[in-house]
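Here is a briefing on selected residues and charged pairs.

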Amino acid sequence: MSRSGRSGRVDLTGETIHWDLGDSLSYGRYLRLDKLLDAQEPRSREPDEMMFIIVHQTAELWMRLMLDELAGVLECVRRDELGPSFKSLMRISRVQTQLLSGWEVLASLTPADYSAFRNALGRASGFQSYQYRLLEFQLGNKNAELIAAHRRDRAACARLERALHAPSLYDEALRLLSRRGYGVPDSCLTREFSEPYRSSKQVAGAWLAVYHNAEKDWDLYQLAEHLIDLDYKFQLWRFHHLKTVERIIGYKPGTGGTGGVSYLAKALQLKFFPELWQVRTAM
């Protein structure tokens, strides 16, 4: 057998491994694995519940990273320094791919598997994920009514209220277009940010001009393409969510009180950056 195909254990000769860490920080302490791996508390004796918990906890960790990266993107757009934002937007895109793969794991749950522990969830539901709601608010899907689902958590409510009344990423992008001389109407720039955004023909025209002037304003063109990618992957995430729910519980209501598949189908129609989709027809 060749050296590359040698079987047996790895030869540690010459490796200066730190067997004794002394007072140095360890991998487990750095990652707080004592807390992280002790955070799974199934409410039933069904083995599939552990998988269900871990998939959702992992999604919340990925969303935390998305929120951290998104904060940097917002600051870059406000300062008109788009270059550094592209790395964060690319990372957000990679995170979204990881979130999409989570549905593949969850889809291994059969209707009988889920039914065995579903009652243990009570009214707990992904609908109550404040991080997901915060992402939607910061990207532009504003709905003040939805904050009521988080009223038991004062800190979460306060953060959502701030995001509700603050300009979204798209609002900041439109402000930037205006500062660069593109024709964004004042009604879009000075609107009540807690209200849902309404698409505008003038804004569509502004983005179309960006695409036609891509060589001159390459960074704005890149921003537009990163935003469309973000929106596209959110729609894929919603679609996979819908089909996974349909596969496991059919058309039963969700544990959070929504219609389940019927509610998810309505959410699937949402777009964060509508004019960026519209201009594709006009180009």
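Ser168 sits in the loop between α7 and α8 (169-179); helices are DSSP runs of H or I with at least four residues, numbered from the N terminus. Ser168 is buried, at 3% relative accessible area. Buried means under 20% relative accessible area, exposed over 50%, and partly exposed in between, with a 1.4 Å probe and protein chains only.

This is a predicted model: local features need pLDDT of at least 70, side-chain atom pairs count only at pLDDT 80 or more, and totals for chains, interfaces and linings use all residues. Residues are numbered from 1 along each chain as its sequence is written, and side-chain values use heavy atoms, with hydrogens and water left out.

**Around Ser168 and Ala158**

- Ser168 is in contact (heavy atoms within 4.5 Å) with Leu74, Phe137, Gln138, Leu139, Gly140 and Lys142, leaving aside its neighbours within four places in sequence.
- Ala158 belongs to helix α7, which covers residues 154-165.
- Ala158 is partly exposed, with 34% relative accessibility.
- The C-alpha atoms of Ala158 and Ile147 are 9.3 Å apart, and the two residues are 11 residues apart along the chain.

**Salt bridges: overall**

- The structure has 17 salt bridges; each needs a side-chain nitrogen of Lys or Arg within 4 Å of a carboxyl oxygen of Asp or Glu.
- One network of salt bridges links Glu75, Arg78, Arg79, Glu81, Glu172 and Arg175.

**Glu69 and Arg91**

- Glu69 and Arg91 form a salt bridge through their side chains, at 3.0 Å from N to O.
- This pair links distant parts of the chain, 22 residues apart: Glu69 is in helix α3 (residues 48-79) and Arg91 in helix α4 (residues 83-106).
- Glu69 is buried at 9% relative accessibility, whereas Arg91 is partly exposed at 37%.

**Asp217 and Lys216**

- The side chains of Lys216 and Asp217 form a salt bridge, with an N to O distance of 3.1 Å.
- Asp217 is buried, with 8% relative accessible area.
- Lys216 is exposed, with 61% relative accessible area.

**Arg32 and Asp34**

- Arg32 and Asp34 form a salt bridge, and their closest N and O atoms are 4.0 Å apart.
- Arg32 counts as partly exposed, at 42% relative accessibility.
- Asp34 is exposed, and its relative accessible area is 55%.

Methods: Helix = DSSP H or I, 4+ residues; strand = E, 2+ residues; numbered from the N terminus.
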